[in-house]
Amino acid sequence: MEVSFKHVTLTYDNGVEVLHDMDFVIPDGQLVALLGPSGGGKSTTLNLISGLLHATTGEIDFDDVNVTDKDALQRGVGMVFQNYALYPHMTVLENIAFPLKMAKVSKAERNARAAELAKLVRIDDQLNKKPAALSGGQQQRVAIARALAKNPSILLLDEPLSNLDARLRVEMREEIRRIQQETGITTIFVTHDQSEAMHVADKIMVLQDGRIQQYAAPQDLYSNPANRFVARFIGEPVINEIEAESVKDLLKLPASAKYVGIRPEAILAHSGRNKKVPVKITNVSSFGRDRNILMEFNGTELVSTNELDFEVGKNEHVNFDLRGVFVFDEDGNRLEGLAK
Ligand SMILES: Nc1ncnc2c1ncn2[C@@H]1O[C@H](COP(=O)(O)OP(=O)(O)O)[C@@H](O)[C@H]1O
Ligand SMILES: [Mg+2]
């Protein structure tokens, strides 16, 4: 199912407009992540898709059907929240089958469907246990199976992994990706964790202050950020940032340039006829296979993730690979026209 928002806004009862002119299409069969800091409007957007909230202005379509005025039940979406809210007195099988019981599906039929879904989410060896006897990851598998019970056209997940520890979070994000690919269901996944979004999504919508900052494939967000906010939000280590003023002799910048962002892998050892950037090496830190080289340039600390053969305390020269250099104006808008 394709989801489209046409100039949608949402004003809560207190009169504050929290979503502004949301205009986008979520393609059928894809996994799209809504990514952004807390308060950015992710849950509000998801609740507008589910029908738990109604657009103040604008239109929402599922494929060619205008669902703007339809309620949650009529829209037929499946939802999973951060607190899985499983029924504690029911077994795994009963939890998964419950939406079908409510829909008056026969016992034999709903148990067969629940068993099939349990297999899909790989919880079929726990069917007779109560939720309290399951780990957090297993509970979340049950919640996903339950959300899929009625064959929804869209699966909505609101920070489904936030309550899990780091290792389980990585395992479960792969599982969500696998389940989405096996079922082919259009899935919208809310997270504030950029690396989670980068790993699972076909496309990422970056939201801040109720506005879409950029909506693109993960790699595009990284290599072609639309603005300073996206450049800083995506990427680990965080993009280096220098005041334009301090690199104006090294780079040919547009007149209104204020900030220059440099990806950590775009700081290279000086070579050829490139303009030399003088730095002092301040620290080298290693974590497993990763090595970060910290250096000072004109009072600003920069990090490079390249294997530079530099020693701490030495003055060295680097240069910038312009494919990883982005220029922004005072308001954080991206500027074109960067040259050597
Ligand atoms: N029921 C509500 N009434 C009024 N304001 C709300 C309500 N729910 C959320 N908000 C506000 O809407 C904005 C977006 O919230 P939300 O969609 O929950 O963000 P996110 O899920 O990205 O953290 C925030 O400023 C939040 O305070
Ligand atoms: Mg939220």
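These legends describe close-up views of a predicted model.

Residues are numbered from 1 along each chain as its sequence is written, and chains are lettered from A and ligands numbered from 1 in the order in which they are written. In this predicted model, local features need pLDDT of at least 70, side-chain atom pairs count only at pLDDT 80 or more, and totals for chains, interfaces and linings use all residues; side-chain values use heavy atoms, with hydrogens and water left out.

**View 1. Two domains of the chain.** Domain 1 spans 3–232 and domain 2 spans 239–335. These bounds come from an automatic or database domain assignment. The C-alpha centres of the two domains lie 38 Å apart. In contact (heavy atoms within 4.5 Å) are 10 residues of domain 1 and 10 residues of domain 2.

**View 2. The area between the domains.** About 910 Å² is buried between domain 1 and domain 2. Carbon and sulfur atoms give 46% of this area. Buried area is the accessible area (1.4 Å probe) that two parts lose on being put together, summed over both. Tyr 222, Arg 228 and Ala 231 supply 60% of what domain 1 buries against domain 2, more than any other three residues.

View 3. Two salt bridges cross the interface of domain 1 and domain 2. A salt bridge puts a side-chain nitrogen of Lys or Arg within 4 Å of a carboxyl oxygen of Asp or Glu. Glu 241 forms a salt bridge with Arg 228, and their closest N and O atoms are 2.8 Å apart. On the side of domain 1 that touches domain 2, helix H8 (218–223) and helix H9 (228–233) are the elements that give two or more residues. Helices are DSSP runs (H or I, at least four residues) and strands are E runs of at least two, numbered from the N terminus.

**View 4. Asn 319 in its strand.** Asn 319 lies in strand E17 (residues 315–320). Asn 319 is buried, with a relative accessible area of 5%. Buried means under 20% relative accessible area, exposed over 50%, and partly exposed in between (1.4 Å probe, protein chains only). A polar atom of the Asn 319 side chain lies 3.0 Å from the backbone nitrogen of Ser 271. Beyond its neighbours within four places in sequence, Asn 319 is in contact with residues including Ile 267, His 270 and Val 277.

**View 5. Helix H1.** Helix H1 covers residues 42–50. Eight of its nine residues are buried, so H1 is largely enclosed by the rest of the structure. Among the buried residues are Lys 42, Leu 46 and Ile 49. Gly 51 follows H1, with a positive phi near 95 degrees.

Terms used:
Polar contact = N/O pair within 3.5 Å; in protein donor to acceptor, adjacent residues only side chain to side chain.
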